[in-house]
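I opened the notebook to record what I looked up in this model. Entries follow in the order I took them.

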Amino acid sequence: MKPAVTVVDYGVGNLLSVARALEHCGAAVSFAASPEDIDKAALLLLPGVGAFGDGIGELRSRGLDRPVVRYAQSGRPLLGICLGMQFLLETSEEFGEHAGLALVPGRVCAIPGTGTDGRAHKIPHIGWSGLQRPAERETWSGTILDGVAPGAKVYFVHTYTAHPAPQARLADCDYHGRRISAAIQRGAVAGCQFHPEKSGETGLQVLRNFLRMG
């Protein structure tokens, strides 16, 4: 039987590209536009692109924020992608102060406009960057990065970056000396700042690991 994945549909994000990648990995995909859809999910994926305030506002206006939190608190697997990962944290400073879902301790802040050498670099951070295992993590075994080699490149498009609590920091990438959070995980709640659906075989491996959590 194919693993069943429910993708949260709150009017933000490219749902079809994520759905196609999940189906390529052997999943049966459905979309959740109501609290009831989320409540009955076995595996839940929270996508998102754009600004934090607009996105979390849409999620809340449709009454889907509390069902996502309730789902995560049940211990079932949840994966946030890009803006969806940022929603998992407590707050964001993007265009003002905005409360997140507070499933993972931490804050979302702007990527500095310069590298550690003081030279200006491109914002947003767009393109392929290699995954690094932070000092807080001895291994990726048993996480969404299980089987992924350090240095494997994945695709990013973002202006703000998560600053998770150390115990939730799963992977980083380096952007001209700046430590950029690439992935987080706290129990069955995980997130990717990069887009696994655009990250080739490495991204597909991440999605397959998520499917195995169900």
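Which elements do the buried residues of α4 pack against? I noted first that this is a predicted model. Then I went through the partners: β1 (4-8), α2 (35-39), β3 (43-46), α3 (52-61), β4 (78-81) and β13 (189-192). I also listed the buried residues of α4 (65-73) themselves. They are D65, P67, V68, V69, Y71 and A72. After α4 comes G75, and I read a positive phi there, near 90 degrees.

**Helix pair.** Next I took α1 (15-24) and α6 (200-212). I found them packed at about 70 degrees, with axes 9 Å apart. Angles of 65 to 115 degrees count as roughly perpendicular. That makes α1 roughly perpendicular to α6. On the α1 side I found A21, L22 and H24; on the α6 side, L204, L207 and L211.

**Cores.** Which residues touch the most other members of the largest nonpolar core? I wrote down L22, L45, L79, L131, L145 and F194, out of 37 residues in that core. α6 supplies the largest share of this core, 5 residues. Leaving out residues up to four places away in sequence, F194 touches I81, C82, L131, L145, V154, Y155, F156, A182, A183, S199 and V206. Another core lies apart from this one; it has 31 residues, including L59, M85, L88 and A162.

**Strand β9.** I checked both faces of β9 (153-158). V154, F156 and H158 make up the covered face. K153, Y155 and V157 make up the uncovered one. F194 touches V154 and F156, and also Y155. β9 runs antiparallel to β8 (125-130), and I have 6 bridges joining the two. One pairing I noted: I126 has V157 in β9 as its bridge partner.

**Open sheet.** What is the order of the 4 strands in the open sheet? I read β6-β5-β7-β10, with mixed pairing. I marked β6 (98-99) and β10 (160-164) as the edges. Each has a single partner strand, so one side of each is left without a neighbour in the sheet. For β6 I looked up the link to β5 (91-92): 2 bridges, antiparallel. T91 stands opposite A99 in β6.

Key:
Residues are numbered from 1 along each chain as its sequence is written. This is a predicted model: local features need pLDDT of at least 70, side-chain atom pairs count only at pLDDT 80 or more; totals for chains, interfaces and linings use all residues. Side-chain values use heavy atoms; hydrogens and water are left out. Axes are lines fitted to C-alpha atoms, for helices over the stretch in contact, and angles run from 0 to 180 degrees between N-to-C directions. Angles under 35 degrees count as roughly parallel, over 145 as roughly antiparallel, 65 to 115 as roughly perpendicular and the rest as oblique. Contact means heavy atoms within 4.5 Å. Buried means under 20% relative accessible area, exposed over 50%, partly exposed in between (1.4 Å probe, protein chains only). A nonpolar core is a set of buried Ala, Val, Leu, Ile, Met, Phe, Trp, Tyr and Cys residues joined through side-chain atoms within 4.5 Å. Two strands pair if DSSP finds at least two bridges between them.
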